[in-house]
Amino acid sequence: MASEAPSWADQWGTGGIGVMAVKEETTDGKKDAAGKKSGKTRAGFNRAKMVAFIGVNWMKNLVHRKKKDATSS
């Protein structure tokens with residue numbers, strides 16, 4: 001009867017019952033390309049940054065001028 005059942009080492013060792021199979025990681029182009037930006041995307045993002053920078057500076061100058069005019073009166 002003991003020969004019919006798997007031994008303790010077979011059940012709980014490295015290759016016993018219920019051992020999860022190791023998943024192999026596939027390297028396809030989608031995973032590698034997801035982190036990289038194309039030239040058009042990068043150019044559009046840089047342009048958006050510049051427009052935001054110019055807008056913030058314009059608002060700062062506008063507020064500064066209003067404060068300066070209010071204190072000089």
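A residue is termed buried when its relative accessible area is under 20%. By that criterion, buried residues account for 1% of the 73 residues in this chain, which is a predicted model. The chain exposes about 7400 Å², of which carbon and sulfur atoms supply 61%.

The secondary structure comprises three helices and zero strands, and along the sequence the elements follow the pattern α-α-α. For the chain, the mean pLDDT is 75, and 53% of the residues reach 70 or more.

Together with Phe-53 and Ile-54, Met-50 forms a nonpolar patch on the surface. The accessible area of Met-50, Phe-53 and Ile-54 together is about 330 Å². How is Met-50 itself classed, as buried, partly exposed or exposed? Met-50 has a relative accessible area of 48% and is therefore partly exposed, since that class lies between the limits of 20% and 50%.

Definitions and conventions
Residues are numbered from 1 along each chain as its sequence is written. This is a predicted model: local features need pLDDT of at least 70, side-chain atom pairs count only at pLDDT 80 or more; totals for chains, interfaces and linings use all residues. Side-chain values use heavy atoms; hydrogens and water are left out. Helices (H or I, at least four residues) and strands (E, at least two) are DSSP runs, numbered from the N terminus. Buried means under 20% relative accessible area, exposed over 50%, partly exposed in between (1.4 Å probe, protein chains only). Accessible areas come from the Shrake-Rupley method with a 1.4 Å probe; for residues, only the protein chains shown count as cover. pLDDT is the predictor's confidence in each residue, from 0 to 100. Patches are made of residues with over 30% relative accessible area and no salt bridge: like charges are joined within 9 Å, nonpolar side chains (Val, Leu, Ile, Met, Phe, Trp, Tyr) within 5 Å. A salt bridge is a side-chain nitrogen of Lys or Arg within 4 Å of a carboxyl oxygen of Asp or Glu.
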